[in-house]
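Reader: Could you walk me through this protein chain, from its overall build down to single residues? I have the model open and am happy to follow along.

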Amino acid sequence: MPGIIERYRQRLPFAHGDPVVSLGEGSTPLVLAPRLSERAGVEVWLKLEGANPTGSFKDRGMTCAVSAAVREGAEAIVCASTGNTAASAAAYAARAGLRGAVIVPEGKIATGKLAQALMHGARVIALRGNFDEALALVRELTARHPIALVNSVNDFRIEGQKTAAFEVLEALDGELDALCIPVGNAGNITAYWKGFKEAGVRPRLFGFQAAGAAPLVHGAPVEHPETVASAIRIGNPARWEEAMDAMTASGGAVASVTDAQILEAYRFLAAGEGIFCEPASAAGIAGLLAHGAGDARRIACVLTGHGLKDPQTALEHAGAVVPCAPELEAIERAVLG
Ligand SMILES: *Cc1c(COP(=O)(O)O)cnc(C)c1O
């Protein structure tokens, strides 16, 4: 499959002949979730964004942001990240032959994401501070130096990420009542709304935040955001107004879910649907189960990142392995017992 710039070039700010930095992102599966549908009492489809090249939806935005940076003659890119933006930026920088630097909150990013950023050769800088502080600092840094900022404050990121809305509509013949999505820095919900509007449809957008990091729900920034869902551990979303506009204008809502609800949805998806997403992604499902999605009959939920990103959280919340002696009877007991 071609990447999203090739696939949707007419709807993206790229002309033929522009440089394209792609890893074949997009074209991710949209699968029906029978057990979740039964539990929620509506038809639920899951958009598996963990199937992108670096394992999260960030790749859709990154192919555009990095392609534009190359077009502009940038030599380096930088971002602040809770993890997935760092992994994606590092991969696309490597692909483009650019230098990449990523600023992450020290000790607060999932193991898989850290491994990716380091393997792709980015300079990984651990900030003794949280994501919001990291973003404020990289904004200042890029105002002073000719380095491209590839956070979702960069409009090319939004352009790329809106293509997921096109794909959902194509797969469902345009018939969609609502979308459930986790909200952190609020770039992705902004992007979906832009995509839906451009496609001429207005499904209700339901955004869900973790209870310990729910500034949009409280209507005020959260100084020390805390949640097991590290990808949405953000206290002052950059796309605040746009996200609120998307939810209000579409007739949706914003609500919060507890870590316990997130982890329950996380295990349910893995064990009940065969889909392993990361905790932040499960926030959308937890939100649907806890708060519903209005009168919608057909819903799509965005599973933003792959479960393998965060093996530590998985192992902390999964069952134990079964030890066994190398004998048939012991194996029988272990397998059948
Ligand atoms: C980035 C990210 C989010 C949040 O997206 P925003 O655009 O920051 O709202 C949710 N889940 C995962 C897995 C992410 O990587």
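Author: Here are some questions and answers about the chain as a whole, one of its helices and a few of its residues. The model is predicted, so local features need pLDDT of at least 70 and side-chain atom pairs count only at pLDDT 80 or more, while totals for chains, interfaces and linings use all residues. Residues are numbered from 1 along each chain as its sequence is written, and side-chain values use heavy atoms, with hydrogens and water left out.

Reader: What percentage of the residues of the protein chain count as buried?

Author: Buried means under 20% relative accessible area, exposed over 50%, and partly exposed in between (1.4 Å probe, protein chains only). Of the 337 residues, the buried share is 56%.

Reader: Which share of the contacts with a separation of 6 or more joins residues 24 or more positions apart?

Author: A contact means heavy atoms within 4.5 Å. Among the contacts in the protein chain with a separation of 6 or more, residues 24 or more positions apart account for 72%.

Reader: Turning to charges, how far apart are the mean positions of the positive and negative ones?

Author: Lys and Arg count as positive and Asp and Glu as negative, with His and the chain ends not counted. Each charge is placed at NZ of Lys, CZ of Arg, CG of Asp or CD of Glu. The chain has 30 positive and 36 negative charges, and their mean positions are separated by 4 Å.

Reader: Now a closer look at H5: within what arc do its buried residues fall?

Author: Helix H5 covers residues 111-119, and Gly112, Lys113, Gln116 and Ala117 are buried there. The arc is that of the directions from the helix axis to the C-beta atoms. Seen down the axis, these buried residues line one face of the helix, because they fall within an arc of 130°.

Reader: Is Ser27 buried or partly exposed?

Author: Ser27 is in the loop between helix H1 (4-7) and strand S1 (30-32). Most residues other than glycine have a negative phi. Phi of Ser27 is positive, near 55°. Its relative accessibility is 25%, so Ser27 counts as partly exposed.

Reader: And Ala186, is that buried or exposed?

Author: Ala186 also has a positive phi, near 75°. Its place is the loop between strand S7 (178-182) and helix H9 (187-199). With a relative accessibility of 2%, Ala186 counts as buried.

Reader: Which residues does Ala91 contact beyond its neighbours within four places in sequence?

Author: Ala91 is found in helix H4, and its relative accessibility of 5% makes it buried. Leaving those sequence neighbours aside, Ala91 is in contact with Leu23, Thr54 and His120.

Reader: How far is Ile125 from Ala101, C-alpha to C-alpha?

Author: Ile125 is found in strand S5 and, at 32% relative accessibility, counts as partly exposed. Not counting residues up to four places away, Ile125 touches Ala101, Val102, Ile103 and Val104. Ile125 and Ala101 are 24 residues apart in sequence, and their C-alpha distance is 7.3 Å.

Reader: One more: which residues does Glu159 touch, apart from those up to four places away in sequence?

Author: Glu159 is found in helix H7 (residues 155-161). With a relative accessible area of 14%, Glu159 is buried. The residues that Glu159 touches are Arg11, Leu12, Pro13 and Lys194.

Terms used: Helix = DSSP H or I, 4+ residues; strand = E, 2+ residues; numbered from the N terminus.
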